[in-house]
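Dear colleague,

I am passing on the structure below, followed by an account of what was found in it. Please read the two side by side.

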Amino acid sequence: MAAGALKDATAIVGIGQTPFAKQLPESEKALACRAILAALDDAGISPAEVDGFASYTMEETDEVEIAKAIGAGDVTFFSKVGYGGGGSCATLAHLASAVATGQASVGVAWRSRKRGSGRRPWTNTQVQLPTPGQWTRPYGLLRPADEIGMLTRRHMHEYGTTRDHLFNVALACRNRANQNPAAQMYERPMTRESYMTARMISDPLCLFDNCLETDGALAAVIVSAERARDCRQKPVYLHSVAQGLPAQHHGMVNYWNDDPLSGPAWTAARQLWKQADFGPEDIDVAQIYDAFTPLIPLSLEGYGFCGRGEGGAFTEGGALEIGGRLPINTSGGGLSEAYVHGFNLITEGVKQLRGTSTAQVPDAATCLVTAGEGVPTSAVLLRS
Amino acid sequence: MTSSDLLAPVVDDDGAPFWEYTAQHELRVQACANPECGELRFPPRPCCPHCRSFDSEWRRMSGKGRIWSYVFPHPPLLPAYAEMAPYNAIVVELADAPRIRLVGNLVTEAGAPWNSVDPSRLKIGARVQVVFARIGEFTMPQWVLER
Ligand SMILES: [Zn+2]
């Protein structure tokens with residue numbers, strides 16, 4: 001296949017989700033099945049037609065269990081992507097490749113996670129000390145918030161990024177969640193005072209710089225563009241897809257290369273825009289991975305919405321709000337809707353291009369969705 | 001500090017020499033042993049990303065550096081760390097090789113608690129010097145402000 005052959009070759013035709021809550025009674029497997037069946041129903045496609053699956057390596061439900069529970073037929077493509085939330089958009093990318101090359105015809109991507117009622121991953125000291133953990137964890141750099149806090153302080157020092165900039169990010173997400181009845185923070189407004197007086201988690205990051213802890217599941221259905229035209233919903237095309245692992249990158253403890261503040265977003269962005277018919281200035285709405293507020297300024301720089309070091313300043317003047325330069329995370333995102341490793345950013349991108357978001361950007365026709373920054377990552381450009 | 005409950009480094013083949021040298025109170029960083037190359041690299045790895053040589057040596061550093069960044073972790077933390085919180089964790093760029101950065105803790109003297117330095121004294125760019133402290137089975141590099 002020629003370069004660019006994936007452009008608009010496939011589309012998302014179904015999305016599904018469970019409720020989001022701190023604790024849900026059902027198992028991850030049951031939640032996964034509910035989300036997947038809802039997505040297939042949304043698409044108007046029988047579960048028996050599903051022949052491709054993609055998810056995250058951290059996903060604890062697998063294709064075997066899911067396929068037999070939902071009544072899938074012969075499955076001919078299955079894939080799991082690593083690096084936690086960095087894999088979210090890559091699940092779509094892998095399915096797009098499989099469908100476009102004929103390895104599968106109906107692909108399902110999913111994420112089911114009981115992060116709200118389960119243990120925090122960093123408390124498992126057995127898995128948290130591989131290389132390069134021996135160089136960081138013993139010194140008390142234990143959690144993702146500590147690792148990203150270190151990069152955040154440096155960004156503040158080099159570029160004048162402030163806690164007010166991070167507040168702008170948290171507030172935009174919270175404001176959108178306040179419009180979204182499905183969001184965990186639907187009825188919980190945020191003020192600057194509540195943000196500035198919140199307890200610290202890893203100074204310079206406070207409680208509201210950290211994403212939620214959520215039980216929930218989501219799924220999306222991908223088919224060829226040709227088939228998409230016959231589906232129940234307006235197709236949302238995968239215009240460009242990319243993964244990114246930069247040279248000499250070290251994951252969330254990216255302290256050991258020449259330029260620790262330019263991360264995987266830069267690599268994914270170069271590949272993403274290279275294949276696209278439009279650029280950052282043409283994006284109507286963005287869903288940017290927000291496990292931590294500082295990932296937004298870093299991603300705004302990486303994906304080319306502003307210059308190097310300008311990510312903090314970009315958030316000023318309501319830029320991230322509806323009507324601003326770049327409305328983001330219009331369901332509330334991981335900070336205020338639900339944290340399910342970024343899959344709700346994908347489904348919200350689809351809703352925006354269908355015109356059905358609870359915080360609809362008028363006439364949205366293009367949407368960037370990104371996966372976790374600070375880890376090997378991925379991104380997609382959606383268009384209607 | 002209740003050092004027995006702190007996490008010990010889980011050492012791999014590539015990193016083992018680092019800890020053998022810290023036990024002798026020497027701060028050494030892996031370097032390419034190809035005489036045409038000689039580049040330092042961290043974290044340690046099997047071959048040189050510049051020239052792909054598998055020959056390496058451990059080059060002694062002066063132990064001087066500057067604070068590149070820092071955080072103050074607050075709970076929730078593992079119990080032994082929560083007892084000290086908020087403590088500092090710092091990244092130090094080495095004076096001998098500014099692209100080589102080490103994570104550590106700033107203390108008033110070798111073996112002092114990680115919360116022993118007044119937080120207002122932590123500044124990016126502050127000059128620091130390595131010291132060594134036995135914590136459990138390992139000798140850990142720590143950092144003190146240069147006098
Ligand atoms: Zn070399």
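**Between the chains**

A:Asp258 and B:Arg99 form a salt bridge (a side-chain nitrogen of Lys or Arg within 4 Å of a carboxyl oxygen of Asp or Glu), and their closest N and O atoms are 3.4 Å apart. The count between chain B and chain A is 1 salt bridge.

This is a predicted model, in which local features need pLDDT of at least 70 and side-chain atom pairs count only at pLDDT 80 or more, while totals for chains, interfaces and linings use all residues. Residues are numbered from 1 along each chain as its sequence is written, chains are lettered from A and ligands numbered from 1 in the order in which they are written, and side-chain values use heavy atoms, with hydrogens and water left out.

In the interface of the two chains, 39 residues of chain B are in contact (heavy atoms within 4.5 Å) with 38 residues of chain A. The area buried between chain B and chain A (the accessible area, with a 1.4 Å probe, that two parts lose on being put together, summed over both) is about 3,500 Å², and carbon and sulfur atoms give 63% of it. On the side of chain B, the residues B:Leu7, B:Trp68 and B:Val103 supply 18% of the area buried against chain A, more than any other three residues.

**Within chain B**

Chain B is divided into domain 1 (11–60) and domain 2 (61–147), with bounds that come from an automatic or database domain assignment. The centres of these two domains, taken over C-alpha atoms, are separated by 22 Å. Between them, domain 1 and domain 2 of chain B bury about 1,200 Å², 81% of it on carbon and sulfur atoms. In domain 1, the residues that lose the most area to domain 2 are B:Trp19, B:His25 and B:Leu27, which together make up 43% of what that side buries. Between the two domains of chain B the count is 0 salt bridges.

**Cavities**

The structure holds 3 cavities of 30 Å³ or more, a cavity being a set of points on a 1 Å grid over the protein atoms alone where a 1.4 Å probe fits but cannot get out. About 70 Å³ of space lies in the largest cavity, whose lining (residues with an atom within 4 Å of a point) includes A:Leu151, A:His249 and A:Glu373.

With best wishes

Definitions and conventions. 1 Å grid on protein atoms, 1.4 Å probe; cavity = no way out; pocket = protein on both sides within 12 Å on 5 of 7 lines; lining within 4 Å. Points joined across faces, edges and corners; volume = space filled by probe spheres on them.
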